Amino acid sequence: MRLLLVEDDAPLAAALTQALREQGFAVNHVRHGAQALHAALDDPPELVVLDLGLPDMDGLELLRRLRSAGSRLPILVLTARDALSDKVAGLDLGADDYLPKPFDVRELEARIRALGRRLGEASSSVITIGDLRLDTARMQVHLAGRPVELARREYMLLKALAEHPGRVLTREALESKLYAWGEEVASNALEVHVHHLRRKLGPELILTVRGVGYRLRAA
Ligand code: CA
């Protein structure tokens, strides 16, 4: 899952980024509200973790601007300030969850997963293409009724392709779903994931579109 972390406290942001990456999230971190607005609208992540006390903009103002721009991104609000009034204001402005500082990073991870599941369930969670079945709420894959174990990025790649069966997705589009901005990506990383998926799911499922990208064979 791609996260946008909006947090101006550098040591906290570094610790959260590292912990979340270890849990398999692709984290993009920004310090300022203006950067966050830009990132959230131009290249939307799957979830935003938003600190309310930012140097250039109140986090609640950022939340309001995002919602009024039509963004329905799931947003989890962090704040060290007077908890109750911020919580009420944040939820009123359309935050999806709320975590007061200080918190244990494991709680943040659990809240992010729970929010992801809730939203996944809300938007019909099973994709079926021929023998292939993806349960996106549970991150489970079955082929002809048998469970298939996938690594996290293999799963993310398969999901990206399965959401648009038959359509060609470019390398850039796929890489942006698998990696955070600025994350070091080996030039053959995508090929390696595709290779593993073909080994696990059969050679015919993912088709190479030479010079462009990949597509999933529509059933
Ligand atoms: Ca802050």
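Between domain 1 and domain 2 of this predicted model, the count of salt bridges is 0.

The domain assignment places domain 1 at residues 2-118 and domain 2 at residues 126-216. Their C-alpha centres are 28 Å apart. Where the two domains meet, 10 residues of domain 1 are in contact with 10 residues of domain 2. About 840 Å² of area is buried between domain 1 and domain 2, and carbon and sulfur atoms give 54% of this area. The count of residue pairs in polar contact between domain 1 and domain 2 is 2, with both pairs at pLDDT 80 or more.

**Salt bridges and a cis peptide bond**

Side chains of opposite charge can pair when their charged atoms come close. In the whole structure, a search finds 13 salt bridges. One of them is between Lys101 and Asp51, where the closest N and O atoms are 3.1 Å apart. This pair links distant parts of the chain, as Lys101 and Asp51 are 50 residues apart. Asp51 belongs to strand β3 (residues 47-51), whereas Lys101 is in the loop between β5 and α5.

Lys101 also takes part in a cis peptide bond, which joins it to Pro102 with an omega of about -5°. Pro102 lies in the loop that runs between β5 (97-100) and α5 (105-122). As background, most peptide bonds are trans, and most residues other than glycine have a negative phi.

Strands of a sheet pair through backbone hydrogen bonds, either parallel or antiparallel. Strand β7 (residues 132-135) and β8 run antiparallel and are joined by 4 bridges. β8 also pairs with β9 in the antiparallel sense, over 3 bridges.

| Hairpin | Residues between the strands | Turn residue and its phi |
|---|---|---|
| β7 and β8 | 4 residues | Met139, about 55° |
| β8 and β9 | 2 residues | Ala144, about 50° |

Which residue of β8 stands opposite Asp135? Gln140 does.

The phi of Met139 in its turn is positive. Ala144 likewise has a positive phi, although Ala144 is not a glycine. The loop that holds Ala144 lies between β8 (140-143) and β9 (146-148).

**The open sheet of β10, β12 and β11**

Another sheet is open and is formed by 3 strands in the order β10-β12-β11, with antiparallel pairing. Why is one side of β10 and of β11 left without a neighbour in the sheet? β10 (169-170) and β11 (206-209) stand at the edges and each has a single partner strand, so one side of each has no neighbour there. β10 pairs with strand β12 (residues 213-216) in the antiparallel sense, over 2 bridges. Within this pairing, Thr170 has Gly213 of β12 as its bridge partner.

Key. Residues numbered from 1 in each chain as written. Predicted model: local features only at pLDDT ≥ 70, side-chain atom pairs only at ≥ 80, totals over all residues. Heavy atoms only, no water. Domains from an automatic or database assignment. Contact = heavy atoms within 4.5 Å. Buried area = accessible area lost by both parts, 1.4 Å probe. Salt bridge = Lys/Arg side-chain N within 4 Å of Asp/Glu carboxyl O. Polar contact = N/O pair within 3.5 Å; in protein donor to acceptor, adjacent residues only side chain to side chain. Pairing = 2+ DSSP bridges.
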